[in-house]
Amino acid sequence: MSTYNGPIFDGDTHIYEQPDSWSRYLPKELEKDWSFQWRVGADGEYALYVGQKKVEVSAGYYTADGKVPPPGKLHEWLRAMKDGHGEVEMRVDMTPDMYNASDRLKKMDEFGVEGCFMYCGNMVAAVSYLDEPKAAAGVLHAYNRWMLDEWKFNHSDRIYSAPLISLADIDSAIKEAEFVVKNGARLVLMPMGPNEIGRSPADPYYDRFWSILNEAHVRVVYHVSEAIYLKHHMAVWGELMQQSRMRQSAFVWMHGYSERPVIETISNFIFWNFFERFPNIKLLSAENGAEWVPNMLVKMDKVRGMAKMGLWPSGQLKERPSAIFKRHVGVVAYPEDDIRTLIDQTGSADWIITGSDYPHAEGVPTPADFISEALSTCNVEEQRKIMYQNGKSFIAHS
């Protein structure tokens, strides 16, 4: 079978923050309780702290001298541990492309990557610790200003960086939306789930915010992270969130971290008839895998009929939820997903986007490796869509 060897559009890439990433623009009044710092805590672990709160998942990721896991080598490390070689050194020095935009462009040229979506680094693990709305808005704005300085929100129509916005404080969210749109943002990163108990993010209460993004054709990314809105539900089961990934229970892995939050979030937008009001907005699921999609589409179509006489907060849907999904939602697949089966089950490859997770260890060593790891049973046209066309079309104004 022939293999696609054209340009790549990478739907999942990251940066590594530098020491002043959070502090450069952080307001003085937030420094005491909301500063970000890597340090050795009382427990002896080197980790990221938000004020005095340790970001548990960060422990063991960096070394104190700034080394990081090598890109795409997590499986190699896990195999070494399984074979009794846990002492294998899996840390390397950061290369400039991991924290510098001009060097990243050179790395993209080396990889054959025409364009990419760029997400934050350790900030994605720390967002759930920003649990005071006004302070969170200040921290996120400071971070977004740093990102604009160092990466731009749209660098040469090749790197599309995603500033972060939370709806926890609506007035702050509106100001942030105006700021990022004014500065060229084409996509934003938001936490999954509701921002307050009893209010959907698709509730018309937030329409002033969404109208800004809709007017600018901004895309919204839901990247895997701690879905902190499930914290109380996990507690009902005697389970804890905000734990080290090495100590996290299988139950939280299954229900508090990946598929459930993204399924609930995306289906909620669809059932609230959100895209009838905001047709220019598209949602992207990044690093949540893709194997949940076929069952979700079948289930959404089924319950639409079951709820025909039920409550529709923003009016009945005019078409099948699965059709709305395919038009407004993109999904970055894992390289270990059975993509051949996903295409056959959904009847389309148009919603699937490749993602290398570069420079993180969990993805593939280079973006092109996604083809051999995940797309060997796909034809060249399907490979072309997933490796290039779908990501490029997702970000384009439609």
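Me: Why is Gln242 called buried?
Reply: Its relative accessible area is 16%. Buried means under 20%, exposed over 50% and partly exposed in between, with a 1.4 Å probe and protein chains only, so Gln242 counts as buried. Bear in mind that this is a predicted model, where local features need pLDDT of at least 70, side-chain atom pairs count only at pLDDT 80 or more, and totals for chains, interfaces and linings use all residues. Residues are numbered from 1 along each chain as its sequence is written, and side-chain values use heavy atoms, leaving out hydrogens and water.

Me: What makes the phi of Gln242 worth a look?
Reply: The phi of Gln242 is positive, about 55 degrees, although this residue is not a glycine. Most residues other than glycine have a negative phi. You'll find Gln242 in the loop between helix 8 (231-236) and helix 9 (250-255); helices here are DSSP runs of H or I with at least four residues, strands are runs of E with at least two, and both are numbered from the N terminus.

Me: And how do you know whether Glu287 is buried or exposed?
Reply: Glu287 has a relative accessible area of 14%, so it goes down as buried. Glu287 also has a positive phi, about 60 degrees, without being a glycine, and it belongs to the loop between strand 10 (282-286) and helix 12.

Me: Why are helix 12 and helix 13 called oblique to each other?
Reply: The axes of helix 12 (residues 293-306) and helix 13 (residues 321-328) cross at roughly 135 degrees and come within 8 Å. Axes are lines fitted to C-alpha atoms, for helices over the stretch in contact, with angles from 0 to 180 degrees between N-to-C directions. Under 35 degrees is roughly parallel, over 145 roughly antiparallel, 65 to 115 roughly perpendicular, and the rest oblique. Helix 12 and helix 13 are therefore oblique.

Me: How do you know which residues of helix 12 meet helix 13?
Reply: Contact means heavy atoms within 4.5 Å. Val293, Met296, Leu297, Met300, Asp301 and Arg304 in helix 12 meet Pro321, Ser322, Phe325 and Lys326 in helix 13.

Me: Why is Cys116 said to be in no disulfide?
Reply: A disulfide is a pair of cysteine sulfur atoms within 2.5 Å. For Cys116, the nearest cysteine sulfur, that of Cys120, is 14 Å away, and Cys116 is in no disulfide. The structure holds zero disulfides. Cys116 is buried, too, because its relative accessible area is 1%.
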